Amino acid sequence: MAEHYIPDDLPTRIRHYIDGEFVDSVSGRTFDVLDPVSNTNYATAAAGQKEDIDLAVAAARKAFTAGPWPKMKPRERARVLNRIADAVESQETRLAQLETFDTGLPITQAKGQALRAAENFRFFADLIVAQFDDAMKVPGAQINYVNRKPIGVAGLITPWNTPFMLESWKLAPALASGNTVVLKPAEFTPLSASLWAQIFKDAGLPDGVFNLVNGLGEEAGDALVKHPDVPLISFTGETTTGKTIFRNAAENLKGLSMELGGKSPAIIFADADLDAAIDSTLFGVFSLNGERCTAGSRILVHQDIYKEFCEKYAARAKNIVVGDPHDPKTEVGALVHPEHYDKVARYVEIGKTEGRLLAGGGRPEGLPTGNYIEPTVFADVMPDARIFQEEIFGPVVAITPFADDAEALALANNTRYGLAGYVWTNDLTRAHNFSQSLEAGMVWLNSHNVRDLRTPFGGVKSSGLGHEGGYRSIDFYTDQQAVHITLGTVHTPKFGAAAAQ
(Lines give C-alpha, C1' and ligand atoms only; values in the text may rest on other atoms or scores of the structure.)
Protein backbone atom coordinates (compact mmCIF):
# COMPACT_ATOMS: atom_id res chain seq x y z
CA MET A 1 0.00 0.00 0.00
CA ALA A 2 1.30 3.47 -0.88
CA GLU A 3 2.43 5.80 1.89
CA HIS A 4 -0.46 7.81 3.34
CA TYR A 5 -0.50 11.32 1.84
CA ILE A 6 -0.56 14.21 4.30
CA PRO A 7 -1.11 17.73 2.90
CA ASP A 8 1.48 20.42 3.57
CA ASP A 9 0.88 22.97 6.33
CA LEU A 10 -1.83 20.87 7.92
CA PRO A 11 -3.15 22.69 11.00
CA THR A 12 -2.91 20.91 14.33
CA ARG A 13 -5.30 23.32 16.04
CA ILE A 14 -8.71 24.36 14.71
CA ARG A 15 -10.35 27.34 16.40
CA HIS A 16 -13.65 29.20 16.31
CA TYR A 17 -13.99 32.38 14.28
CA ILE A 18 -16.06 35.05 16.05
CA ASP A 19 -16.36 38.74 15.16
CA GLY A 20 -13.37 38.64 12.82
CA GLU A 21 -11.01 36.80 15.19
CA PHE A 22 -9.87 33.21 15.63
CA VAL A 23 -10.56 32.23 19.23
CA ASP A 24 -10.54 29.20 21.51
CA SER A 25 -13.55 28.05 23.49
CA VAL A 26 -14.23 30.11 26.61
CA SER A 27 -13.89 26.90 28.62
CA GLY A 28 -10.77 25.82 26.75
CA ARG A 29 -12.45 22.53 25.83
CA THR A 30 -11.36 20.71 22.66
CA PHE A 31 -12.08 17.49 20.78
CA ASP A 32 -9.87 15.28 18.65
CA VAL A 33 -10.16 15.17 14.86
CA LEU A 34 -9.24 11.97 13.01
CA ASP A 35 -8.22 11.36 9.43
CA PRO A 36 -10.17 8.40 7.99
CA VAL A 37 -7.24 6.58 6.41
CA SER A 38 -5.04 6.15 9.48
CA ASN A 39 -7.75 6.89 12.09
CA THR A 40 -5.19 8.87 14.08
CA ASN A 41 -5.66 12.30 15.59
CA TYR A 42 -4.19 15.00 13.38
CA ALA A 43 -5.68 18.03 15.13
CA THR A 44 -7.63 19.28 18.10
CA ALA A 45 -10.65 21.52 17.49
CA ALA A 46 -12.20 23.99 19.88
CA ALA A 47 -15.33 22.42 21.36
CA GLY A 48 -18.00 25.11 21.40
CA GLN A 49 -20.43 25.35 24.29
CA LYS A 50 -23.42 27.60 24.95
CA GLU A 51 -21.18 30.52 25.96
CA ASP A 52 -19.30 30.34 22.65
CA ILE A 53 -22.54 30.28 20.68
CA ASP A 54 -23.73 33.26 22.74
CA LEU A 55 -20.63 35.24 21.74
CA ALA A 56 -20.99 34.29 18.07
CA VAL A 57 -24.68 35.19 17.97
CA ALA A 58 -24.02 38.50 19.73
CA ALA A 59 -21.37 39.37 17.11
CA ALA A 60 -23.69 38.37 14.28
CA ARG A 61 -26.60 40.29 15.77
CA LYS A 62 -24.47 43.43 16.17
CA ALA A 63 -23.24 43.12 12.57
CA PHE A 64 -26.84 42.82 11.43
CA THR A 65 -28.31 45.72 13.41
CA ALA A 66 -25.38 48.17 13.33
CA GLY A 67 -23.15 46.98 10.50
CA PRO A 68 -23.17 47.85 6.79
CA TRP A 69 -23.86 44.41 5.30
CA PRO A 70 -27.69 44.25 5.37
CA LYS A 71 -27.96 47.81 4.04
CA MET A 72 -25.54 47.40 1.14
CA LYS A 73 -26.90 47.55 -2.39
CA PRO A 74 -27.27 44.12 -4.04
CA ARG A 75 -24.50 44.93 -6.50
CA GLU A 76 -22.11 45.73 -3.65
CA ARG A 77 -22.83 42.44 -1.92
CA ALA A 78 -22.55 40.63 -5.26
CA ARG A 79 -19.01 42.00 -5.73
CA VAL A 80 -18.00 40.47 -2.40
CA LEU A 81 -19.62 37.14 -3.31
CA ASN A 82 -17.75 37.06 -6.62
CA ARG A 83 -14.46 37.75 -4.85
CA ILE A 84 -15.26 34.81 -2.57
CA ALA A 85 -15.86 32.63 -5.64
CA ASP A 86 -12.55 33.79 -7.14
CA ALA A 87 -10.72 32.82 -3.95
CA VAL A 88 -12.33 29.39 -3.81
CA GLU A 89 -11.42 28.71 -7.44
CA SER A 90 -7.84 29.88 -6.94
CA GLN A 91 -7.44 27.43 -4.04
CA GLU A 92 -9.14 24.50 -5.75
CA THR A 93 -6.21 22.10 -5.45
CA ARG A 94 -5.49 22.97 -1.82
CA LEU A 95 -9.17 22.77 -0.87
CA ALA A 96 -9.52 19.40 -2.54
CA GLN A 97 -6.45 18.02 -0.76
CA LEU A 98 -7.73 19.13 2.64
CA GLU A 99 -11.26 17.89 1.97
CA THR A 100 -9.97 14.51 0.84
CA PHE A 101 -7.68 14.21 3.84
CA ASP A 102 -10.48 15.12 6.26
CA THR A 103 -13.38 13.17 4.73
CA GLY A 104 -11.86 10.24 2.82
CA LEU A 105 -13.55 11.31 -0.44
CA PRO A 106 -11.59 10.44 -3.60
CA ILE A 107 -9.47 13.39 -4.71
CA THR A 108 -11.03 13.54 -8.20
CA GLN A 109 -14.49 13.97 -6.65
CA ALA A 110 -13.29 16.47 -4.03
CA LYS A 111 -11.96 18.73 -6.80
CA GLY A 112 -15.39 18.95 -8.32
CA GLN A 113 -16.85 19.99 -4.95
CA ALA A 114 -14.56 23.03 -4.70
CA LEU A 115 -15.62 24.30 -8.12
CA ARG A 116 -19.27 23.70 -7.25
CA ALA A 117 -18.84 25.76 -4.08
CA ALA A 118 -17.48 28.67 -6.12
CA GLU A 119 -20.38 28.39 -8.56
CA ASN A 120 -22.87 28.62 -5.67
CA PHE A 121 -21.48 32.05 -4.75
CA ARG A 122 -21.49 33.24 -8.37
CA PHE A 123 -25.05 32.04 -8.83
CA PHE A 124 -26.42 33.95 -5.85
CA ALA A 125 -24.35 37.02 -6.72
CA ASP A 126 -26.18 37.06 -10.05
CA LEU A 127 -29.53 36.26 -8.49
CA ILE A 128 -29.63 39.11 -5.98
CA VAL A 129 -28.76 41.65 -8.67
CA ALA A 130 -31.50 40.29 -10.94
CA GLN A 131 -34.01 39.90 -8.09
CA PHE A 132 -37.17 41.99 -8.38
CA ASP A 133 -40.26 42.07 -6.22
CA ASP A 134 -43.94 42.38 -6.98
CA ALA A 135 -45.90 45.60 -7.23
CA MET A 136 -49.67 45.52 -7.71
CA LYS A 137 -51.89 48.44 -8.65
CA VAL A 138 -55.62 49.01 -8.31
CA PRO A 139 -56.06 51.97 -10.71
CA GLY A 140 -57.03 55.13 -8.88
CA ALA A 141 -57.38 53.34 -5.56
CA GLN A 142 -54.23 51.62 -4.28
CA ILE A 143 -50.65 50.58 -4.92
CA ASN A 144 -49.24 47.55 -3.13
CA TYR A 145 -45.63 46.45 -3.22
CA VAL A 146 -43.40 43.86 -1.56
CA ASN A 147 -40.47 45.04 0.52
CA ARG A 148 -38.04 42.12 0.82
CA LYS A 149 -35.81 42.29 3.90
CA PRO A 150 -33.08 40.10 5.39
CA ILE A 151 -34.31 38.41 8.55
CA GLY A 152 -31.33 38.49 10.90
CA VAL A 153 -28.91 35.88 12.20
CA ALA A 154 -29.10 32.57 10.33
CA GLY A 155 -27.91 29.44 12.12
CA LEU A 156 -26.36 27.01 9.62
CA ILE A 157 -25.68 23.42 10.65
CA THR A 158 -23.91 21.33 8.02
CA PRO A 159 -23.02 17.64 7.58
CA TRP A 160 -19.71 15.83 7.15
CA ASN A 161 -20.24 14.56 3.60
CA THR A 162 -18.84 17.06 1.04
CA PRO A 163 -18.77 19.66 3.84
CA PHE A 164 -17.17 22.61 2.04
CA MET A 165 -19.56 22.46 -0.89
CA LEU A 166 -22.63 21.92 1.29
CA GLU A 167 -21.61 24.85 3.48
CA SER A 168 -21.54 27.01 0.36
CA TRP A 169 -25.16 26.01 -0.42
CA LYS A 170 -26.22 27.70 2.80
CA LEU A 171 -23.64 30.46 3.16
CA ALA A 172 -24.09 31.91 -0.32
CA PRO A 173 -27.86 32.63 -0.22
CA ALA A 174 -27.85 33.59 3.47
CA LEU A 175 -25.12 36.18 2.93
CA ALA A 176 -26.42 37.30 -0.47
CA SER A 177 -29.77 38.14 1.13
CA GLY A 178 -28.08 40.43 3.67
CA ASN A 179 -28.23 38.17 6.72
CA THR A 180 -25.40 37.45 9.11
CA VAL A 181 -24.57 33.86 10.00
CA VAL A 182 -23.27 31.46 12.61
CA LEU A 183 -21.99 28.23 11.04
CA LYS A 184 -21.73 25.02 13.07
CA PRO A 185 -19.94 22.44 10.89
CA ALA A 186 -19.98 18.70 11.54
CA GLU A 187 -17.53 17.63 14.24
CA PHE A 188 -16.14 14.78 12.11
CA THR A 189 -14.91 17.19 9.40
CA PRO A 190 -14.06 20.69 10.71
CA LEU A 191 -10.96 21.23 8.58
CA SER A 192 -12.26 22.80 5.36
CA ALA A 193 -14.87 24.93 7.19
CA SER A 194 -12.04 26.80 8.91
CA LEU A 195 -10.85 28.04 5.50
CA TRP A 196 -13.98 30.17 5.00
CA ALA A 197 -12.86 32.71 7.60
CA GLN A 198 -9.78 33.91 5.72
CA ILE A 199 -11.53 33.68 2.36
CA PHE A 200 -14.34 35.93 3.61
CA LYS A 201 -12.00 38.39 5.32
CA ASP A 202 -9.83 38.77 2.21
CA ALA A 203 -12.97 39.27 0.08
CA GLY A 204 -14.07 42.23 2.23
CA LEU A 205 -16.89 40.66 4.23
CA PRO A 206 -17.33 42.86 7.34
CA ASP A 207 -16.36 41.39 10.71
CA GLY A 208 -19.24 39.68 12.52
CA VAL A 209 -21.16 38.82 9.35
CA PHE A 210 -19.66 35.32 9.29
CA ASN A 211 -19.02 33.43 12.52
CA LEU A 212 -17.93 29.83 12.98
CA VAL A 213 -18.30 27.70 16.09
CA ASN A 214 -17.01 24.14 16.06
CA GLY A 215 -18.34 21.50 18.40
CA LEU A 216 -20.67 18.60 18.97
CA GLY A 217 -24.26 18.70 17.79
CA GLU A 218 -25.68 18.10 21.25
CA GLU A 219 -23.64 21.01 22.64
CA ALA A 220 -22.86 23.76 20.13
CA GLY A 221 -25.59 22.75 17.67
CA ASP A 222 -28.22 22.51 20.39
CA ALA A 223 -27.31 25.95 21.78
CA LEU A 224 -27.54 27.49 18.30
CA VAL A 225 -30.97 25.97 17.64
CA LYS A 226 -32.32 27.18 20.98
CA HIS A 227 -30.86 30.69 20.88
CA PRO A 228 -33.66 33.29 20.91
CA ASP A 229 -31.72 35.72 18.67
CA VAL A 230 -31.39 33.20 15.81
CA PRO A 231 -34.67 33.31 13.85
CA LEU A 232 -33.58 30.91 11.09
CA ILE A 233 -32.07 27.43 11.16
CA SER A 234 -30.93 25.64 8.00
CA PHE A 235 -29.90 22.07 8.70
CA THR A 236 -28.67 19.22 6.53
CA GLY A 237 -28.24 15.88 8.20
CA GLU A 238 -29.85 12.78 9.59
CA THR A 239 -33.62 12.53 10.15
CA THR A 240 -33.54 11.75 13.88
CA THR A 241 -31.42 14.85 14.52
CA GLY A 242 -33.81 16.83 12.33
CA LYS A 243 -36.74 15.83 14.54
CA THR A 244 -34.84 17.02 17.63
CA ILE A 245 -34.11 20.35 15.95
CA PHE A 246 -37.78 20.67 14.98
CA ARG A 247 -38.83 20.22 18.61
CA ASN A 248 -36.21 22.60 19.99
CA ALA A 249 -36.93 25.31 17.42
CA ALA A 250 -40.63 25.32 18.28
CA GLU A 251 -40.18 27.37 21.47
CA ASN A 252 -39.11 30.42 19.44
CA LEU A 253 -41.12 29.61 16.28
CA LYS A 254 -38.00 29.66 14.13
CA GLY A 255 -37.98 29.41 10.38
CA LEU A 256 -36.71 25.94 9.45
CA SER A 257 -35.23 24.47 6.29
CA MET A 258 -34.13 20.87 6.75
CA GLU A 259 -32.77 18.45 4.18
CA LEU A 260 -32.73 15.09 5.92
CA GLY A 261 -32.13 11.43 5.12
CA GLY A 262 -32.92 9.45 2.02
CA LYS A 263 -33.43 5.95 0.70
CA SER A 264 -33.98 6.92 -2.90
CA PRO A 265 -35.19 4.45 -5.54
CA ALA A 266 -33.80 4.01 -9.03
CA ILE A 267 -36.42 2.33 -11.21
CA ILE A 268 -35.19 0.51 -14.33
CA PHE A 269 -37.91 -0.43 -16.83
CA ALA A 270 -37.47 -3.12 -19.48
CA ASP A 271 -37.22 -0.56 -22.30
CA ALA A 272 -34.45 1.43 -20.61
CA ASP A 273 -31.00 2.00 -22.09
CA LEU A 274 -29.47 -0.71 -19.94
CA ASP A 275 -25.83 0.34 -20.25
CA ALA A 276 -26.62 3.96 -19.42
CA ALA A 277 -28.77 2.88 -16.48
CA ILE A 278 -25.98 0.70 -15.11
CA ASP A 279 -23.47 3.55 -15.44
CA SER A 280 -25.81 5.92 -13.63
CA THR A 281 -26.90 3.59 -10.85
CA LEU A 282 -23.32 2.57 -10.11
CA PHE A 283 -22.28 6.20 -9.89
CA GLY A 284 -25.43 7.09 -7.97
CA VAL A 285 -24.67 4.85 -5.01
CA PHE A 286 -20.87 4.43 -5.04
CA SER A 287 -19.69 7.96 -5.80
CA LEU A 288 -18.78 10.02 -2.72
CA ASN A 289 -18.19 6.66 -0.99
CA GLY A 290 -21.95 6.16 -0.90
CA GLU A 291 -22.10 8.94 1.70
CA ARG A 292 -24.67 11.02 -0.16
CA CYS A 293 -28.24 11.88 0.81
CA THR A 294 -29.54 11.46 -2.75
CA ALA A 295 -27.90 8.06 -3.32
CA GLY A 296 -30.06 5.68 -5.37
CA SER A 297 -29.51 2.92 -2.83
CA ARG A 298 -32.64 0.91 -3.78
CA ILE A 299 -32.57 -0.29 -7.38
CA LEU A 300 -35.87 -1.65 -8.70
CA VAL A 301 -35.52 -3.61 -11.96
CA HIS A 302 -38.18 -5.03 -14.25
CA GLN A 303 -38.24 -8.84 -14.09
CA ASP A 304 -37.60 -9.22 -17.84
CA ILE A 305 -34.12 -7.67 -17.53
CA TYR A 306 -33.46 -8.42 -13.86
CA LYS A 307 -31.00 -11.30 -14.32
CA GLU A 308 -28.97 -9.47 -16.95
CA PHE A 309 -28.94 -6.26 -14.92
CA CYS A 310 -27.78 -7.99 -11.75
CA GLU A 311 -24.97 -9.84 -13.54
CA LYS A 312 -23.65 -6.73 -15.30
CA TYR A 313 -24.06 -4.51 -12.24
CA ALA A 314 -22.24 -6.92 -9.91
CA ALA A 315 -19.39 -7.40 -12.40
CA ARG A 316 -18.85 -3.65 -12.59
CA ALA A 317 -19.12 -3.22 -8.81
CA LYS A 318 -16.36 -5.80 -8.30
CA ASN A 319 -14.07 -3.75 -10.56
CA ILE A 320 -14.52 -0.44 -8.68
CA VAL A 321 -11.16 0.77 -7.42
CA VAL A 322 -11.09 1.12 -3.64
CA GLY A 323 -8.01 2.75 -2.18
CA ASP A 324 -6.23 5.76 -0.78
CA PRO A 325 -8.44 8.81 -1.33
CA HIS A 326 -5.51 10.87 -2.65
CA ASP A 327 -4.78 8.40 -5.49
CA PRO A 328 -6.40 9.74 -8.71
CA LYS A 329 -7.32 6.16 -9.71
CA THR A 330 -9.43 5.65 -6.56
CA GLU A 331 -13.20 5.55 -7.10
CA VAL A 332 -14.24 4.69 -3.53
CA GLY A 333 -12.13 5.95 -0.64
CA ALA A 334 -12.33 5.63 3.14
CA LEU A 335 -15.53 6.24 5.08
CA VAL A 336 -15.43 9.37 7.17
CA HIS A 337 -14.99 8.02 10.70
CA PRO A 338 -14.66 4.72 12.62
CA GLU A 339 -18.13 5.20 14.15
CA HIS A 340 -19.68 5.46 10.70
CA TYR A 341 -17.57 2.57 9.39
CA ASP A 342 -18.91 0.37 12.19
CA LYS A 343 -22.49 1.36 11.34
CA VAL A 344 -22.10 0.54 7.63
CA ALA A 345 -20.27 -2.71 8.41
CA ARG A 346 -23.19 -3.78 10.64
CA TYR A 347 -25.62 -3.17 7.77
CA VAL A 348 -23.45 -5.27 5.47
CA GLU A 349 -23.75 -8.17 7.92
CA ILE A 350 -27.52 -7.62 8.22
CA GLY A 351 -27.74 -7.64 4.43
CA LYS A 352 -26.17 -11.09 4.26
CA THR A 353 -29.29 -12.39 6.02
CA GLU A 354 -31.71 -10.33 3.91
CA GLY A 355 -30.47 -10.65 0.34
CA ARG A 356 -28.25 -12.55 -2.08
CA LEU A 357 -24.72 -11.15 -1.95
CA LEU A 358 -23.48 -10.44 -5.49
CA ALA A 359 -20.39 -8.31 -4.77
CA GLY A 360 -18.36 -7.02 -1.86
CA GLY A 361 -19.44 -7.81 1.64
CA GLY A 362 -16.42 -6.82 3.70
CA ARG A 363 -13.06 -5.08 3.86
CA PRO A 364 -11.08 -4.92 0.60
CA GLU A 365 -7.92 -6.97 0.31
CA GLY A 366 -4.70 -5.05 0.83
CA LEU A 367 -6.31 -2.38 3.02
CA PRO A 368 -6.00 -3.76 6.57
CA THR A 369 -6.44 -0.37 8.25
CA GLY A 370 -8.64 2.65 7.62
CA ASN A 371 -12.39 2.89 7.15
CA TYR A 372 -12.60 0.90 3.91
CA ILE A 373 -15.61 -1.16 2.82
CA GLU A 374 -15.96 -2.93 -0.53
CA PRO A 375 -18.75 -1.77 -2.84
CA THR A 376 -21.45 -4.21 -1.74
CA VAL A 377 -24.39 -5.41 -3.82
CA PHE A 378 -27.37 -7.40 -2.55
CA ALA A 379 -30.06 -8.83 -4.87
CA ASP A 380 -33.51 -10.33 -4.23
CA VAL A 381 -34.08 -7.96 -1.30
CA MET A 382 -37.60 -7.99 0.11
CA PRO A 383 -39.36 -4.65 0.67
CA ASP A 384 -39.57 -5.13 4.45
CA ALA A 385 -35.83 -5.79 4.78
CA ARG A 386 -33.83 -3.35 6.88
CA ILE A 387 -31.36 -2.75 4.05
CA PHE A 388 -34.34 -1.81 1.85
CA GLN A 389 -35.94 0.51 4.43
CA GLU A 390 -33.12 2.13 6.41
CA GLU A 391 -30.55 4.69 5.31
CA ILE A 392 -27.09 3.08 5.33
CA PHE A 393 -25.11 6.04 3.91
CA GLY A 394 -22.32 3.92 2.53
CA PRO A 395 -21.32 1.86 -0.54
CA VAL A 396 -24.16 -0.66 -0.16
CA VAL A 397 -27.06 -1.21 -2.57
CA ALA A 398 -30.22 -3.35 -2.54
CA ILE A 399 -31.69 -4.64 -5.85
CA THR A 400 -35.30 -5.85 -6.09
CA PRO A 401 -37.36 -7.06 -9.07
CA PHE A 402 -40.82 -5.83 -10.08
CA ALA A 403 -43.42 -7.18 -12.50
CA ASP A 404 -45.29 -4.06 -13.68
CA ASP A 405 -45.59 -0.30 -13.25
CA ALA A 406 -47.99 -0.56 -10.32
CA GLU A 407 -45.66 -2.81 -8.35
CA ALA A 408 -42.69 -0.60 -9.20
CA LEU A 409 -44.50 2.46 -7.84
CA ALA A 410 -45.60 0.66 -4.68
CA LEU A 411 -42.04 -0.50 -4.02
CA ALA A 412 -40.58 2.92 -4.77
CA ASN A 413 -42.91 4.69 -2.35
CA ASN A 414 -42.66 1.97 0.32
CA THR A 415 -40.34 3.88 2.65
CA ARG A 416 -40.59 6.73 5.13
CA TYR A 417 -38.14 8.75 3.05
CA GLY A 418 -38.86 10.87 -0.02
CA LEU A 419 -35.81 12.79 -1.16
CA ALA A 420 -34.93 11.72 -4.71
CA GLY A 421 -35.96 9.25 -7.39
CA TYR A 422 -34.39 8.07 -10.65
CA VAL A 423 -36.48 6.68 -13.53
CA TRP A 424 -35.08 4.87 -16.54
CA THR A 425 -37.45 4.31 -19.49
CA ASN A 426 -37.75 5.37 -23.11
CA ASP A 427 -41.55 5.61 -22.83
CA LEU A 428 -42.21 9.35 -22.58
CA THR A 429 -45.75 9.02 -21.22
CA ARG A 430 -44.69 6.52 -18.57
CA ALA A 431 -41.67 8.66 -17.64
CA HIS A 432 -43.76 11.72 -16.82
CA ASN A 433 -46.70 9.96 -15.18
CA PHE A 434 -44.54 7.64 -13.09
CA SER A 435 -42.25 10.45 -11.96
CA GLN A 436 -45.16 12.60 -10.87
CA SER A 437 -46.51 9.70 -8.79
CA LEU A 438 -43.24 9.21 -6.93
CA GLU A 439 -43.21 10.46 -3.35
CA ALA A 440 -39.95 12.34 -3.84
CA GLY A 441 -38.91 15.96 -3.75
CA MET A 442 -36.67 15.54 -6.80
CA VAL A 443 -36.76 13.14 -9.75
CA TRP A 444 -34.23 12.54 -12.51
CA LEU A 445 -35.36 10.93 -15.77
CA ASN A 446 -32.73 8.90 -17.64
CA SER A 447 -30.03 10.76 -15.72
CA HIS A 448 -27.95 10.62 -12.60
CA ASN A 449 -27.92 13.44 -10.07
CA VAL A 450 -27.16 16.54 -12.18
CA ARG A 451 -28.79 19.56 -10.58
CA ASP A 452 -29.66 22.98 -11.97
CA LEU A 453 -29.04 25.53 -9.18
CA ARG A 454 -32.27 27.33 -10.08
CA THR A 455 -34.45 24.37 -9.10
CA PRO A 456 -35.82 23.56 -5.63
CA PHE A 457 -33.80 21.16 -3.53
CA GLY A 458 -35.52 19.24 -0.75
CA GLY A 459 -37.57 16.21 0.13
CA VAL A 460 -40.97 15.05 1.36
CA LYS A 461 -42.02 12.75 4.20
CA SER A 462 -39.04 12.08 6.52
CA SER A 463 -36.57 13.52 4.03
CA GLY A 464 -37.05 17.14 4.94
CA LEU A 465 -38.96 20.30 5.55
CA GLY A 466 -39.03 23.12 3.01
CA HIS A 467 -36.93 23.68 -0.06
CA GLU A 468 -33.87 25.73 -0.93
CA GLY A 469 -32.28 26.48 -4.28
CA GLY A 470 -32.71 29.46 -6.58
CA TYR A 471 -35.40 31.92 -5.56
CA ARG A 472 -36.65 29.52 -2.89
CA SER A 473 -33.41 30.12 -1.00
CA ILE A 474 -33.96 33.86 -1.26
CA ASP A 475 -37.51 33.38 0.03
CA PHE A 476 -36.26 31.40 3.03
CA TYR A 477 -33.60 33.92 4.03
CA THR A 478 -35.82 37.01 3.64
CA ASP A 479 -39.06 38.44 4.99
CA GLN A 480 -41.53 39.63 2.38
CA GLN A 481 -43.27 42.67 3.83
CA ALA A 482 -46.41 43.89 2.05
CA VAL A 483 -46.70 47.69 1.88
CA HIS A 484 -50.09 49.22 0.92
CA ILE A 485 -50.62 52.82 -0.25
CA THR A 486 -54.04 54.37 -0.84
CA LEU A 487 -54.42 56.68 -3.84
CA GLY A 488 -56.97 59.48 -3.43
CA THR A 489 -59.60 59.75 -0.75
CA VAL A 490 -59.54 57.24 2.09
CA HIS A 491 -63.00 55.71 2.53
CA THR A 492 -63.03 54.36 6.07
CA PRO A 493 -66.21 53.50 8.01
CA LYS A 494 -66.70 56.23 10.63
CA PHE A 495 -67.08 54.22 13.83
CA GLY A 496 -68.48 56.36 16.63
CA ALA A 497 -69.13 59.39 14.44
CA ALA A 498 -72.91 59.47 15.06
CA ALA A 499 -72.58 59.40 18.86
CA ALA A 500 -70.11 62.28 18.82
CA GLN A 501 -72.53 64.66 17.00
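## The largest pocket

The lining of the largest pocket is made up of 12 nonpolar, 11 polar and 9 charged residues, in a structure that is a predicted model. This pocket has a volume of about 920 Å³, and among the 32 residues that line it, those closest to its centre are Trp 160, Phe 235, Gly 237, Glu 238 and Thr 241.

Several elements of the fold contribute to this lining, for α7 (217-226), β11, α8 (239-249) and α11 (338-354) each supply at least two residues, while the largest share, 5 residues, comes from α7.

## The second largest pocket

The second largest pocket holds about 470 Å³ of space, and of its 20 lining residues the closest to the centre are Gln 113, Met 165, Leu 288, Arg 292 and Asn 449. Both α4 and α5 supply at least two residues of this lining, with α4 giving the most, 4 residues. Sorted by class, the lining of the second largest pocket has 8 nonpolar, 9 polar and 3 charged residues.

Of the 21 residues lining the largest cavity, Trp 169, Lys 170, Phe 457, Glu 468 and Gly 469 are the closest to its centre. The largest share of this lining, 4 residues, comes from α5, and the lining as a whole divides into 7 nonpolar, 10 polar and 4 charged residues.

The second largest cavity contains about 90 Å³ of space, and of the 14 residues that line it, Ala 295, Ser 297, Glu 391, Ile 392 and Phe 393 are the closest to its centre.

Methods
Residues are numbered from 1 along each chain as its sequence is written. This is a predicted model: local features need pLDDT of at least 70, side-chain atom pairs count only at pLDDT 80 or more; totals for chains, interfaces and linings use all residues. Side-chain values use heavy atoms; hydrogens and water are left out. On a 1 Å grid over the protein atoms alone, a cavity is a set of points where a 1.4 Å probe fits but cannot get out, and a pocket is an open set with protein on both sides within 12 Å along at least five of seven lines; lining residues have an atom within 4 Å of a point. Ala, Val, Leu, Ile, Met, Phe, Trp, Tyr, Cys and Pro count as nonpolar, Asp, Glu, Lys and Arg as charged, and the others, Gly among them, as polar. Grid points are joined across faces, edges and corners, and a volume is the space filled by probe spheres set on the points.
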